[in-house]
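Keep the model open in your viewer and follow the stops below. Each one says what to select and what you will find there.

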Amino acid sequence: MVNKKVTCYSVNIPESMDFVQLLLDNEESSLKPFVLDQYRTIELKYTQIQKNGSIVGLFVTTSRKNIPPAHKPGNGDDYTALPLDDGQGLAYPNVFLYDPQFKVLYLETNRMGVSPSKICAYFEARAIRDSIPTFWIEISPLLKKEAYERVENMVRIKYVNLKLAKPTGLLRNNLSKGSLRGLASISDQLNADKYMQCSFTADKVKSLKKGEILR
């Protein structure tokens, strides 16, 4: 069994469109290779829908740049260029699986193959070719739960600007705890029933209490 590295991505496109339909589009114009640059093309091939509704297929990148030479071990300095016909190149396929329920793209990692930005460029070029107006696509990496929690814990809040309309209304609505009750009480004492505005700033080394601010 061969182990493959897979990266998970979130796919977002206009609400009026379906990414599944883009993947399964078998129109002749949609199957044409997308020319990324003078050396590389991208194709979407062998897309199939599975019984569970997921889509599997290949993104194939063909490169005609930096073609390595062939070499027979022990045969001295024989580094012969690989014989390629005109227009041929080396193919770097990326297997993918798309889960339409969660809008997640599972993409085989291949350093020489497609990247999220190249996939976006591929579908944007197809949209232009098919005269689809105002098309956009975003493919963003998803973090594991542990990584997300680490990133969340790295957030430091330096300052908060607060403007509260009808602050004394918070007391009438039975606000029983939290920082806002204290601020509402001050507004009530000052008869500031129109609005209250204040700013909280932490020292450079410290940060404000994120949990209390979010509450």
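Start by selecting isoleucine 137. Ignore its neighbours within four places in sequence, and the residues in contact with isoleucine 137 are Val11, Asn12, Ile13, Phe19, Cys120, Phe123 and Glu124. Bear in mind throughout that this is a predicted model.

**The core**

Now widen the selection to the largest nonpolar core. This core has 25 residues, and Ile137 is among the four that touch the most other members, together with Phe19, Phe59 and Phe123. Colour the contributing elements next. At least two core residues come from each of β1 (6-12), α1 (19-24), β3 (40-49), β4 (55-63), β7 (90-99), β8 (104-108) and α3 (116-129). Which element gives the most to this core? Helix α3 does, with five residues. As a rule, nonpolar side chains in soluble globular proteins tend to be buried together.

**The aromatic rings**

Show the aromatic side chains. There are seven aromatic pairs. Select phenylalanine 59 and phenylalanine 96. Their rings form a tilted pair, with centres 5.0 Å apart and 40° between the planes. This pair links distant parts of the chain: phenylalanine 59 sits in strand β4 and phenylalanine 96 in strand β7, 37 residues apart. Phenylalanine 59 has a relative accessible area of 0%, so it is buried. Phenylalanine 96 is buried too, at 2%.

Ring pairs join Phe19, Phe34, Phe59, Phe96, Tyr98, Tyr122 and Phe123.

**The salt bridges**

Switch to charged side chains. How many salt bridges does a search of the whole structure find? It finds two. In general, side chains of opposite charge can pair when their charged atoms come close.

Select aspartate 25 and arginine 126. They form a salt bridge, and their closest N and O atoms are 3.9 Å apart. Aspartate 25 lies in the loop between α1 and α2 (28-31) and arginine 126 in helix α3, so this bridge ties together parts 101 residues apart in sequence. Arginine 126 is buried, with a relative accessible area of 3%.

Move to aspartate 37 and arginine 40. In this salt bridge the closest N and O atoms are 2.7 Å apart. Aspartate 37 is partly exposed at 26% relative accessibility, and arginine 40 is partly exposed at 28%.

**Threonine 41**

Step along to threonine 41, in strand β3. Threonine 41 has 12% relative accessibility, so it counts as buried. Leave out residues up to four places away in sequence, and threonine 41 touches Pro33, Phe34, Val35, Leu36, Val60, Thr61, Thr62 and Arg64. Phe34 is also a member of the ring cluster.

**Positive phi**

Open the backbone torsions. Most residues other than glycine have a negative phi. Select tyrosine 46, which is not a glycine but has a positive phi of about 60°. Tyrosine 46 lies in strand β3 and is exposed, with a relative accessible area of 61%.

Then pick lysine 103. Its phi is also positive, near 55°. Lysine 103 lies in the loop between β7 and β8. The relative accessible area of lysine 103 is 47%, so it is partly exposed.

**A loop and a surface patch**

Go to asparagine 52, in the loop between β3 and β4. Asparagine 52 counts as exposed, at 64% relative accessibility. Draw a distance to aspartate 99. The two C-alpha atoms are separated by 9.1 Å, and the residues are 47 apart along the chain.

Finish on the surface. Select Leu143, Tyr148, Val151 and Met154. Together they form a nonpolar patch with about 450 Å² of accessible area. Tyrosine 148, one of its members, lies in helix α4 (residues 145-153).

Methods. Residues numbered from 1 in each chain as written. Predicted model: local features only at pLDDT ≥ 70, side-chain atom pairs only at ≥ 80, totals over all residues. Heavy atoms only, no water. Core = buried A, V, L, I, M, F, W, Y, C linked by side-chain atoms within 4.5 Å. Buried < 20%, exposed > 50% of the residue type's maximum accessible area, 1.4 Å probe, protein only. Helix = DSSP H or I, 4+ residues; strand = E, 2+ residues; numbered from the N terminus. Contact = heavy atoms within 4.5 Å. Patch = residues over 30% accessible without salt bridge, like charges linked within 9 Å, V, L, I, M, F, W, Y side chains within 5 Å. Areas by Shrake-Rupley, 256 points an atom, 1.4 Å probe, with all protein chains shown as cover. Salt bridge = Lys/Arg side-chain N within 4 Å of Asp/Glu carboxyl O. Phe/Tyr/Trp six-rings, centres within 6.5 Å; stacked < 30°, edge-to-face > 60°.
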